[in-house]
Amino acid sequence: MTKVAKVEGNMTKQIVGTHCPVCGADEAVHLIDMEQVPAHCNLLWPTREGAVTAPRGDIRLAYCPQCGHVFNESFDPALMAYTQDYENSLHFSPRFQQYATSLAASLIERHDLRDKDIVEIGSGKGDFLIMLCQLGQNRGVGFDPSYVPGGGEGTAVPVTFVRDFYSEKYTHYKADFIVCRHVLEHIQNPDAFIANVRRAVGNRHETVVFFEVPNVLFTLRDLGIWDIIYEHCSYFSPHSLARLFRQNGFRILNVTPAFNGQFLTVEAVLSDGGADSWSADEVDKQQMGQETAVFAQSYNGKVALWQERLGQMAASGERAVVWGAGSKGVTFMNTLKTAVIEVVVDINPRKVGMHIAGTGQEIVSPAFLKTYHPDAVIVMNANYQEEIWHTLQDLGVNAEILLA
Ligand SMILES: [Zn+2]
């Protein structure tokens, strides 16, 4: 097996394009191109000028038939400097909060996380770690190089934060459970990252490792084209996710779709030489190859349909807003570059008053719609449709809801 570490360092587009970041194979098939998209969908831009001059990069999506992995072969890590303005907390949404709470309860139940030591990699502001510790009376250590002191440390829960990457250096932190959510898809070299986690686990065979990432099968099957963002260099399938952990000395307990199939979770322990408890056979890689081809064809069709629809709205003087200033909303705006949409709605008060990276629209609160009177609200995530419908009812806003 070709280790990805060999191509790390002075990566050129050509080398990335020929080597899968998971398995190292050089058989990648080209899928779609998205040129000059914002490098950070979730950076908050206080001014319109800052937003429209935000750094941009190209997405050249490739599929590795060898391990079932999708990745951006044009990814340039130099464009990825996360700052403290980075805002990707989904915790403001009750729908997501509900998912996180039930996930935490399920993890505590299934792995008997009571009076245990939990490590979270990429803990952000610490919401999930604090929840796990509160619900199961556990102790937590969160690792995040972008951690802002003062976040979760004020709580009565025994949780501490280390402003660093989790590595071998921290093996002395006992971990009964290691959790890492929505980090791996941002890592240019996931193989080296998981190798690092493997080393940090040391020889603790009882430690359970839990990772959550977006599910590329959802993107492919539901044509979730707005999920393709520059920040994600990797798009995992059950195959590529299992392969990554297996090749780094883990035994797979399970790989499971979550959040209505939009996410994938993997649970693994150190390999003792025995067979996995889970098999990837159910997901046919050949079928996935066909699905990626269909996706590439359908991508342009979906973009064209939306252009036509927005054009009709412009012609008839209708007002539309996008609901959701997260990555999907930013991708939608930057792909369609429409003048019809003047504002983007978000329930996160930290985003209100800021601007959409690339296209520059102002982000407004739902209450803004009471005076704006949109004819249509374009919902970026179907999972939030009901929540948004109720909010619009409460506000007395009578608008057509469209799913992006
Ligand atoms: Zn591969």
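**A first look at this predicted chain**

Of the 404 residues in the protein chain, 42% are buried (a residue is buried if 20 or more other C-beta atoms, placed from the backbone, lie within 10 Å of its own, exposed if 12 or fewer, and partly exposed in between). What you're looking at is a predicted model, where local features need pLDDT of at least 70, side-chain atom pairs count only at pLDDT 80 or more, and totals for chains, interfaces and linings use all residues. Residue numbers start from 1 along each chain, as its sequence is written.

**The overall picture**

- The protein chain has 11 helices and 16 strands; these are DSSP runs numbered from the N terminus, with helices being H or I of at least four residues and strands being E of at least two.
- Among contacts with a separation of 6 or more, 66% are between residues 24 or more positions apart (two residues are in contact if their C-beta atoms, placed from the backbone, lie within 7 Å).

- Average pLDDT for the protein chain is 88, and 90% of the residues score at least 70; pLDDT is the predictor's confidence in each residue, from 0 to 100.
- Watch out for residues 1-16, where pLDDT stays under 50 and the model has 23 contacts beyond four places in sequence.

- Helix 5 covers residues 190-201, and its 12 residues should span 16 Å at 1.5 Å a residue; the end C-alpha atoms are 17 Å apart, which agrees (the expected span is 1.5 Å times one less than the number of residues).
- Its buried residues are Pro190, Asp191, Phe193, Ile194, Val197, Ala200 and Val201.
- Those buried residues pack against several elements, including strand 8 (208-214), helix 7 (238-246) and strand 11 (263-270).
- Just past helix 5 comes Gly202, with a positive phi of about 65 degrees.

- Four strands make an open sheet in the order 1-2-3-9, with antiparallel pairing (strands pair if DSSP finds at least two bridges between them).
- Strand 1 (29-38) and strand 9 are the edges: each has a single partner strand, so one side of each has no neighbour in the sheet.
- Inside this sheet, four bridges link strand 2 (residues 56-64) and strand 3 (residues 69-72) in the antiparallel sense, and Ala62 sits opposite Phe71 in strand 3.

- Strand 12 pairs with strand 13 in the parallel sense over three bridges, and Ala320 has Ile341 as its bridge partner in strand 13.
- Strand 12 also runs parallel to strand 15 (residues 376-379), joined by four bridges; there, Val321 has Val377 as its bridge partner.

**A hairpin to find**

- Eight bridges pair strand 10 (residues 250-258) with strand 11 in the antiparallel sense, and Arg251 has Val269 as its bridge partner in strand 11.
- Four residues lie between the strands of this hairpin, where Phe259 takes a positive phi near 50 degrees.
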